[in-house]
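Dear colleague,

Please find the structure below, together with an account of what was found in it.

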Amino acid sequence: MENFKEKLFSYVTFGKVFGHVLVVMEPKIFYHRLLEKQGKQEKADKFGYKAVKKWAKFVVKTAKVEVTVEGLEKIPTDRPVLFTPNHQSYADVPVLIHALKDFNFGFLMRMQLNKLFAIEQISHILHCVSINQENPREGIKALHKTAEQIKNGLSMVIFPEGKRGFSNTPDEFKNGAFKVVQKTGVTVVPIYMRDVFKILEGSGGVITPTHVKVTILDPIETSEMNREQVKALNEKVHEIILNESKKYED
């Protein structure tokens, strides 16, 4: 009986999210595109980010996910930054957008994710960059584009693991994400996300009400780093996030 209730809640939640996109988000997406066609990009961005943040809040609340956020005051507000969270779940995206609702940012995201329902449209609004992980040349182009976004004043999110870990312990970080730092000297903001995988992947694909925690860790200034220090960033940021995860070990 309990398993039936869990599945029913999951189906109802998926249905509500689907319906919200059709009834609420689609008209907003249409209006956003209209503003862009009229050359009103600044107005389109302001409207679009507000709409996506409301979508993320709806997803989180409908799934009965409680999000605790710590360290928001550490995020610089006078310049774009590079957020580098650990990657646990498909739910990372709405949770992170909701947790950092006072900030505008895009994602470097796998091309395959754009095939998911409504993600391509939301990705466009957020100025996300798609990366084809199976094509190294296209991957380099995506990193170049991400660097350009940062130079143009937009903060970006890159998941250095490159894939979902389904665990509170971060997998090894790939160095590719930090090549953006070489081109921008951007401030890196590590983020530790805890228990997000339990919302979906950790429960066999059934949506489960979960209390998750998002911790913003101390920013890392990179503008004065030499090439060797930048190359070592993947290990440094991984260690910072790994040490944060160990704080919860018994």
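**Findings: salt bridges, strands and a charged patch**

Lys151 and Glu148 both belong to helix 5 (residues 136–151), where they are 3 residues apart, about one turn of the helix. The two residues form a salt bridge, with their closest N and O atoms 3.8 Å apart. Glu148 is partly exposed, at 41% relative accessibility. Please bear in mind that this is a predicted model.

Across the whole structure, a search finds 10 salt bridges. Another of them brings together the side chains of Lys74 and Asp218, at 3.1 Å from N to O. Lys74 is in the loop between strand 1 and strand 2 (81–85), while Asp218 is in the loop between strand 7 and helix 7 (227–231), so this pair ties together parts that are 144 residues apart in sequence. Lys74 itself is partly exposed, with a relative accessible area of 32%.

A further salt bridge links the side chains of Lys163 and Asp171, at 3.3 Å from N to O. Both partners fall into the partly exposed class: Lys163 has 44% relative accessibility, and Asp171 has a relative accessible area of 28%.

I turn next to the strands. Which strands does strand 7 pair with? Strand 7 (residues 211–216) runs parallel to strand 1 (residues 66–70), and 5 bridges join the two. In this pairing, Glu70 stands opposite Thr215 of strand 7. Strand 7 also pairs with strand 6 (residues 187–194), here in the antiparallel sense and over 4 bridges. Ile191 stands opposite Ile216 in strand 7. As a general point, side chains in a regular strand alternate between the two faces of the sheet.

Lys46, Lys50, Lys54, Lys57, Lys61 and Lys101 form a positive surface patch. Of these residues, Lys101 is found in the loop between helix 3 (92–99) and strand 3 (105–110). Is Lys101 buried, exposed or partly exposed? Lys101 is partly exposed, as its relative accessible area is 46%. Membership of a patch calls for over 30% relative accessible area and no salt bridge.

Yours sincerely

How values were computed: Residues are numbered from 1 along each chain as its sequence is written. This is a predicted model: local features need pLDDT of at least 70, side-chain atom pairs count only at pLDDT 80 or more; totals for chains, interfaces and linings use all residues. Side-chain values use heavy atoms; hydrogens and water are left out. Patches are made of residues with over 30% relative accessible area and no salt bridge: like charges are joined within 9 Å, nonpolar side chains (Val, Leu, Ile, Met, Phe, Trp, Tyr) within 5 Å. Accessible areas come from the Shrake-Rupley method with a 1.4 Å probe; for residues, only the protein chains shown count as cover. A salt bridge is a side-chain nitrogen of Lys or Arg within 4 Å of a carboxyl oxygen of Asp or Glu. Lys and Arg count as positive and Asp and Glu as negative; His and the chain ends are not counted. The place of a charge is taken as NZ of Lys, CZ of Arg, CG of Asp or CD of Glu. Buried means under 20% relative accessible area, exposed over 50%, partly exposed in between (1.4 Å probe, protein chains only). Two strands pair if DSSP finds at least two bridges between them.
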